[in-house]
Amino acid sequence: MTKILVTGGAGYVGSVSVEAFLAAGHDLVVLDDLTTGHRAAVPAGASLVVGSYGDGPAVEALLRDEGIEAILHSAARSLVGESIREPARYYRDNVAGGIALLESARAAGVDRVVFSSTAAVYGVPDATPIPEDAALRPINPYGETKRTFEGALAWYGRAYGLRSVTLRYFNVAGATEARGEDHDPETHLIPAILAAAAAGGRFTLFGDDYPTPDGTCIRDYIDVADLADAHLRAIEATAPGDARTDEPLVCNLGNGGGFSNRQVIAAAEAVVGHEIPYEVGPRRAGDPATLVASAERAGQVLDWRPQRPSLEAMVRSAWAWRQRHPDGYPD
């Protein structure tokens, strides 16, 4: 059993990861400021501390008092459009806040960190599927701040012995029986489509003139439960003496095959059983045409492979969660 701190553990990805960690027998503390997370999303069995990971003295005290051994850092500002409008907020939270977290960990003697990163660090890739050694050329502040923190994490490993795994993943979808996606505003395609289907309204498809077969963006979707499993495997890989993290480890996650936005719409219509009307809007600033991962390294090093690769199954689980929670989480 490992005592793990999960930043952002009241959010979508974080809460499902906490659920998986608890099922594996670990002891969990969640740190979340609840600006986008939900108190009700934190699984029973994990303790919730409301606060910011950027609050150095408070986090250092928390790490010491709770006897934390490892950290999953899944909290971040993550809206591409917002990052372009407000880059200062993204550098303050994702970079300065992230460094404060690392300094707190170093002061408290916590030397195991798993970082939930993003495919946005690649920008517009030269080829797909994208390997981990592809050039990092973010095209928006969100991706740039994630890339910057990745670099800090690697140098902390080389200088201070921090054992780390960085996971770069793509679009996350689906739900577990108890936990799903509940954002305000909702910028992700699948929940936006399902919200329109539930309300009998329309949603906006951002751009249909990309250089792709049907003109819409192509993304590599990963089920949130598969992502949680990757986080669990990554935490285990940071154990003292595990040769996999003698050097900072970076792994992509994904299905290895992309789905276009129109294919996502078709999958949603198949799940809900009727046509879902939409309108086409302009491209969102900072959106690459195609992002598809090569997850071979994750398979080789972490023994991780997606167990739920079906797009329709991801949409179905998200739809089932929405039907059980039509108003999202109660808080």
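Predicted model: local features only at pLDDT ≥ 70, side-chain atom pairs only at ≥ 80, totals over all residues.
Two strands count as paired if DSSP finds at least two bridges between them.

- Strand β9, residues 218-219, pairs with β12 in the antiparallel sense over 2 bridges.
- I218 has S260 of β12 as its bridge partner.
- Together, 3 strands make up an open sheet with mixed pairing, ordered β12-β9-β14.
- β12 (259-260) and β14 (290-291) are the edge strands, each with a single partner strand, so one side of each has no neighbour in the sheet.

**Helix α7**
- Helix α7 covers residues 224-237, and its 14 residues should span 20 Å at 1.5 Å a residue; the end C-alpha atoms are 20 Å apart, which agrees.
- Where the helix starts, a side-chain oxygen of D223 comes to within 2.8 Å of the backbone nitrogen of A225.
- Among the buried residues are V224, D226, L227, H231, L232 and I235, along with several alanines, including A225 and A237.

**S74 and its surroundings**
- S74 sits in the loop between β4 (70-73) and α3 (80-85).
- Its relative accessible area is 18%, so S74 is buried, given that the cut-off is under 20%.
- A polar atom of the S74 side chain lies 2.6 Å from the backbone oxygen of T7.
- Setting aside neighbours within four places in sequence, S74 is in contact with V6, T7, G8, G14 and S116.

Technical notes. Residues numbered from 1 in each chain as written. Heavy atoms only, no water. Helix = DSSP H or I, 4+ residues; strand = E, 2+ residues; numbered from the N terminus. Expected span 1.5 Å × (residues − 1). Buried < 20%, exposed > 50% of the residue type's maximum accessible area, 1.4 Å probe, protein only. Polar contact = N/O pair within 3.5 Å; in protein donor to acceptor, adjacent residues only side chain to side chain. Contact = heavy atoms within 4.5 Å.
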